[in-house]
Amino acid sequence: MDWTPFLTAALRVADLHDSGHTPGSFANPPDEKRSGRGDGLWLDIGCRLLDFVHEADQELNDNWVPLGVFFEETLARHPAVGVEDLRWVVIHLSTPCVVYAIPADSECPPHRVRSTKATALLERPPFKGPDRCRLTPLGRQAVHLARAGDQWLYAHHDAEKIITAIKAGDFGEIPRHAADVTHSLRTLSQEIVRLLELPGHDELFAAFEERQNHYLESLQKVQSAVSEARHLLALGSVENAFEVWRDSRPSADLSLVQIFTLLHQLLQTAEGLGRNFSGFIRAITSRQRTPVGLLRFDLAFYHFVMNPPAPAVLSAAFKASAPWSCGVSAVGPDDARGVLPAASEGDTAEPMTFDEAKAPPLPSEMEAFLAARSAEICAALAQGPVSLSTAFGAGWAEVGGRLHVGELMGVFSAPDWLGKDIDTVRIGYRPGGLSVDLGDGRRLAGDDLVLTLERSTP
Amino acid sequence: MNYHEMGQVVAYLLRYRVIESKPVHRRHFPGERDLAVVLHTADPKSIDHLQQLLAGQGFLLVAKTDTDYRGIATGEWVWMLVRHAEHNPPPHFSQAPLFLAMKIRPNETNESAGVWFLHLWLLYLSLIYTQRGRGVGEVSGYLDATFEREKFLRLVEHHIEEVRKTHDAGSAEARVAKILTDTKGQSLGRRVNAFLALMCDSALLLETAPGVYQQSLLGAVEIDQSFQRGMGVLIPDASVLEGIVNIAAQPSETDAEDNL
């Protein structure tokens, strides 16, 4: 079994644990070359030892595992190594060390530091005797982790975890599992797209052979898991369990609708993967794609300096690949600006001023009428009562060629207009007496007004 | 999607080239959000009609989602208006803004602007494709195709210097060399700025941080789609290019330090 995926995932984290960098000192990036012999010898022996003990443990059930067979095999595989070296490897794996960590719930400095010493992978017997050892619980866990890391494609997108979470009532974990599955499906899908971009047909076929099982299996698992999850979530008992769960965690921000949305998104990602996968199969079987490989654009630069392309060819190339814009034959807002006549040139810079003191006020209509006719009206009043129809008949409404109907009637209805030196003027009326043709098509009809001058009796 | 909405989609895409339901490096342009919903909920028949309408104009609508390429947000859809590989470009294509953008002196010719654009473009393509060992068809690499303005400027300066050294003879057919080496003071920086601004405006390049540029997904997809008709027609075979090996000296050593 290959321990390298497991190891490489944890190495830099282990380096951070071991580093003595003081805060604030110069930020030196770590060395790319690790210390040691550089030939992977001890790693190989150690990993094979763990695998051997794990396999033997299946049968012996936690009893001490004799190492004689292992020593023989290893000495045959690495002739330069001696038995004492192998014993040293056993001692190495069974010596614990102290690991310091800050727990996640420690909020503010100074942080609590937790340390643990349960870090040995193997155990040696306390009695002297032939070489034996057995796995500690941590060692067993390490083998399982390494195995999972080796077959990551199967461990990652385990959509059945969602079903387990629903059945166990652990609803808070569903978003995390859904996100994990979405992520691994997306990675698979992007991998397919990437494969199609690289040139080389045979590699494609080899990759297809290797991965088609993974793709098909993950698609099928996700679809069946999502349909079962939906079925479960529709059950009344599960809804009640969800309500109970949510009541016990008032801070949890999850609802059934959100869970359904997550499942829907998961299905969409699976659909995207299926789409890309069918494109993949099509590309393999049709042999039509020819992706262009690497090109030396920098050399092309020099080539075009010495051999400039023909303008027609260059123009066609620009039309196909260079930035373009739409040349629409319509006038834009800026185009008309030059066409507008220079009308503003005639304007002076002076503002208009209104000089009210100088200009004499224009006479109002009533004043104009009175200026023309009030003398006549007063003279007629002095001789006797004057009626409106008489006034119209005498042509008093007309002043300067215009009819002043409103003004004449205003004078008759409010004789104060005639001036203060008139004695009391009484207004009477004769019902139905007014019937005047104004001459421009209008006709006045109704009650006639009569003005009578009343002299104050001495 | 009715015809009215289809017209709105086409009009928007002609101006902005991309409709994203959740854009990453920018805010929504006016009307983009509604059009994203329209396209997302359109039935396949309408989309087919839209594709036919666009194909008649020489375009293709390409839809990508997060399961296709890295860098697209989860659940996001991206629709891009890409020049169709097999249809002719429409009559309303205009290169005038390209020449206008590339001119930095008032009475420059179109030929000079065209030469500058072509050569700056080739150097830009060499920066994001050749130097990273990336094939022209590798669209997925668009997310890592980032560079700083200073690095691009140094690359341009280096290559212009090489041209100046080898074409000092002042021969009659060195028109292009003459145009490229006729730079004084800050004009090379201004040319580079003009080029970068033109590419950003056409949605082929994104400015992710001040002075840092990244090829947009549209840029990568277009290069892949239209390469055969476009640059592929221009660029000669590898055999011809390899003959220039004695002139080109890649500044690859200095680049290795910059890639920290």
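Before reading any sheet I noted the criterion I need, namely that two strands pair if DSSP finds at least two bridges between them. I also noted that I am working from a predicted model.

**Entry 1: the sheet in chain A**

With that criterion in hand I looked up strand 7 of chain A and strand 11 of chain A, and found that they pair in the antiparallel sense over 2 bridges. Within this pairing I found A:Ser387 standing opposite A:Val450 of strand 11 of chain A.

I then followed the sheet as a whole, which is open, has 3 strands in the order 7-11-10 in chain A, and is antiparallel in its pairing. Strand 7 (386–387) and strand 10 (425–437) of chain A stand at the edges with a single partner strand each, so one side of each has no neighbour in the sheet.

Next I asked myself how many bridges join strand 10 of chain A to strand 11 of chain A. I counted 10 bridges between strand 10 and strand 11 (residues 443–453) of chain A, and the two run antiparallel. I wrote down two of the partners in strand 11 of chain A: A:Thr452 for A:Arg426, and A:Leu444 for A:Val436. Strand 10 and strand 11 of chain A form a hairpin with 5 residues between them, and in the turn I noted A:Gly439, whose phi is positive at about 95°.

Turning to what lies against this sheet, I found helix 14 (residues 365–383) of chain A packed on it and touching strand 7, strand 10 and strand 11 of chain A, with a direction that makes about 65° with that of strand 11 of chain A. Helix 16 (residues 405–413) of chain A also packs on the sheet and touches strand 7, strand 10 and strand 11 of chain A, its direction making about 40° with that of strand 11 of chain A.

**Entry 2: the sheet in chain B**

In chain B I looked up an open sheet of 3 strands in the order 1-3-2, with antiparallel pairing. Its edge strands are strand 1 (18–20) and strand 2 (59–65) of chain B, each of which pairs on one side only, and I noted that the twist averages 15° from one strand to the next.

Strand 2 of chain B is joined by 7 bridges to strand 3 (residues 77–83) of chain B, the two running antiparallel, and I found B:Lys64 opposite B:Val78 of strand 3 of chain B. Helix 3 (residues 44–56) of chain B packs on this sheet, touching strand 2 and strand 3 of chain B, and its direction makes about 135° with that of strand 2 of chain B.

**Entry 3: two helices in chain B**

I looked up helix 6 (residues 149–166) and helix 8 (residues 187–201) of chain B, which pack at an angle of about 125° with their axes 10 Å apart. The two helices are therefore oblique to each other, and their crossing is right-handed. Among the residues that make the contact I listed B:Phe152 and B:Val156 of helix 6 of chain B, and B:Val192 and B:Phe195 of helix 8 of chain B. The contact residues divide into 7 nonpolar, 2 polar and 2 charged.

**Entry 4: where the chains meet**

Last, I found 66 residues of chain B in contact with 42 residues of chain A. The area buried between the two chains is about 5,400 Å², and carbon and sulfur atoms give 68% of it. On the chain B side, B:Thr67, B:Arg83 and B:Leu234 lose the most area to chain A, together 11% of what that side buries.

How values were computed
Residues are numbered from 1 along each chain as its sequence is written. Chains are lettered from A and ligands numbered from 1 in the order in which they are written. This is a predicted model: local features need pLDDT of at least 70, side-chain atom pairs count only at pLDDT 80 or more; totals for chains, interfaces and linings use all residues. Side-chain values use heavy atoms; hydrogens and water are left out. Axes are lines fitted to C-alpha atoms, for helices over the stretch in contact, and angles run from 0 to 180 degrees between N-to-C directions. Helices (H or I, at least four residues) and strands (E, at least two) are DSSP runs, numbered from the N terminus. Angles under 35 degrees count as roughly parallel, over 145 as roughly antiparallel, 65 to 115 as roughly perpendicular and the rest as oblique. A crossing is left-handed if the near helix is turned anticlockwise from the far one by less than a right angle, and right-handed if clockwise. Contact means heavy atoms within 4.5 Å. Ala, Val, Leu, Ile, Met, Phe, Trp, Tyr, Cys and Pro count as nonpolar, Asp, Glu, Lys and Arg as charged, and the others, Gly among them, as polar. Buried area is the accessible area (1.4 Å probe) that two parts lose on being put together, summed over both.
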